[in-house]
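Me: I'd like to learn how to read a fold from a coordinate file. Can we take one feature at a time?

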Amino acid sequence: MNTRWTVDAVLLDMDGTLLDTEKVYFDSLVAALNVCGYTDDIVALCHSMVGLPGPVCEAMLRDHYGVAFPLAEVNQAFLEHRDEMMRSGLPLKPGTLALLDALALAERPIAIVTSSSRRSAERNLTLAGIRNRFDTLLTLDDVAQGKPDPELYLKAAARLGVTPASCIAVEDSNHGVAAAHAAGAITLMVPDMAPPTDETRAKCAAVLPDLNAVLALLQERGAL
């Protein structure tokens, strides 16, 4: 018989988990690098940044290309491409609304836990039409270290007045899973751009195909 979970709150990553944004970011970075003359081996480099905070990605680009890397120019090209892709709105990942509806019906406290800035999180959640679903929003602006550091998850649990061990965390990236697991949360992964490594799988209570499967598992384990 499956172990029942005692769950006091659900902590949700945003980009790539609820919102279909990671491909937008990935394609925009590749396009920006191409426009600025960088074309060799950029796909693997961009994949390695999935789930990391913006400042960390910028540091990785400088480390990879050297001190002469035109960061401001690449950032401007990235923003232009991203904004063009988002102009018609921002799609949700499959199962997002069903999961949020079930959590609301069960009166289960929830929080967004994202490595994005507050400005970016507010914009993206609003574009996707779900900003009003969340009273608690933890972003990179609230911590000294973003994911894979556990600080965001620890602060989210504290903000909700629960222990991390009584929280379900839902993530899409290896870095996000590392953060949630280090905080002590029951960690579920719905992979997006990057598949889970063996190390990541070992940190997950389950690796699932979509948020509909997350909902089904929470119901099966008595968490809803």
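Reply: Start with a bridge. This is a predicted model. Ala169 has Thr187 as its bridge partner in E5.

Me: How does the chain get from E4 to E5?

Reply: Through helix H8 (residues 174-183). This makes a β-α-β crossover, and it is right-handed.

Me: What joins E5 to strand E6 (residues 206-207)?

Reply: Two bridges, again with the strands running parallel. Met189 has Val207 as its bridge partner in E6. The chain crosses from E5 to E6 through helix H9 (residues 198-203), and this β-α-β crossover is right-handed.

Me: What holds strands together in general?

Reply: Strands of a sheet pair through backbone hydrogen bonds, in a parallel or an antiparallel way. In this model, six strands form an open sheet with parallel pairing. The order is E3-E2-E1-E4-E5-E6.

Me: Which strands stand at the edges?

Reply: Strand E3 (137-138) and E6. Each has a single partner strand, so one side of each is left without a neighbour in the sheet.

Me: Are the faces of strand E5 (residues 186-189) covered or uncovered?

Reply: Read the side chains in two sets. Ile186 and Leu188 lie on one side, Thr187 and Met189 on the other. All four are buried, so both faces are covered; the cut-off for buried is under 20% relative accessible area.

Me: Now a helix. Which residues of helix H10 (residues 211-220) are buried?

Reply: Leu211, Ala213, Val214, Leu215, Leu217 and Leu218. These buried residues pack against helix H5 (96-105), E4, E5 and E6.

Me: How do I read the ends of H10?

Reply: Look for a cap at one end and for backbone angles at the other. Asp210 caps the N-terminal end of H10, with a side-chain oxygen 3.1 Å from the backbone nitrogen of Asn212. Just after H10, Gly222 takes a positive phi of about 75°.

Me: What does phi do just after H3?

Reply: Gly66 takes a positive phi there, of about 100°. As for the helix itself, H3 has 12 residues and reaches 17 Å from its first C-alpha to its last. That is close to the 16 Å expected at 1.5 Å a residue.

Me: Which residues other than glycine have a positive phi?

Reply: Asp41 and Glu107 are examples. Asp41 has phi near 55° and sits in the loop between H1 and H2. Glu107 has phi of about 55° and lies in the loop between H5 and strand E2 (110-113).

Me: Are Asp41 and Glu107 buried or exposed?

Reply: Asp41 is exposed, with a relative accessible area of 66%. Glu107 is exposed too, at 70% relative accessibility.

Me: Where is there a cis peptide bond?

Reply: Check omega. A cis peptide bond joins Lys147 and Pro148, with omega of about 15°. Pro148 is in the loop between E3 and helix H7 (151-160).

Me: Next, ring pairs. How many aromatic pairs does a search of the whole structure find?

Reply: Four. Take Tyr38 and Phe69: their ring centres are 5.3 Å apart and their planes stand at 55°, so the pair is tilted. Tyr38 lies in the loop between helix H1 (22-35) and helix H2 (42-47). Phe69 lies in the loop between helix H3 (54-65) and helix H4 (71-86), so the pair ties together parts that are 31 residues apart in sequence. Both Tyr38 and Phe69 are buried. Ring pairs also link Tyr38, Tyr65 and Phe69 into a cluster.

Me: What about Pro70?

Reply: Pro70 is also in the loop between H3 and H4. At 24% relative accessibility, Pro70 is partly exposed. Pro70 and Cys36 are 34 residues apart in sequence, yet 8.2 Å apart in space, C-alpha to C-alpha.

Me: Last one. Is Arg82 buried or exposed?

Reply: Buried, with a relative accessible area of 11%. Arg82 is found in helix H4. Then list the contacts, leaving aside neighbours within four places in sequence: Arg82 touches Val24, Tyr25, Ser28 and Arg123.

Conventions. Residues are numbered from 1 along each chain as its sequence is written. This is a predicted model: local features need pLDDT of at least 70, side-chain atom pairs count only at pLDDT 80 or more; totals for chains, interfaces and linings use all residues. Side-chain values use heavy atoms; hydrogens and water are left out. Rings of Phe, Tyr and Trp (its six-membered ring) pair if their centres lie within 6.5 Å; planes under 30 degrees apart count as stacked, over 60 as edge-to-face and the rest as tilted. Buried means under 20% relative accessible area, exposed over 50%, partly exposed in between (1.4 Å probe, protein chains only). A crossover is right-handed if, with the strands pointing away from the viewer, the path from the first strand over the helix to the second runs clockwise. Two strands pair if DSSP finds at least two bridges between them. Contact means heavy atoms within 4.5 Å. A polar contact is a pair of N or O atoms within 3.5 Å; within protein, one must be able to donate a hydrogen and the other to accept it, and residues adjacent in sequence count only if both atoms are side-chain atoms. The expected span of a helix is 1.5 Å times one less than its number of residues.
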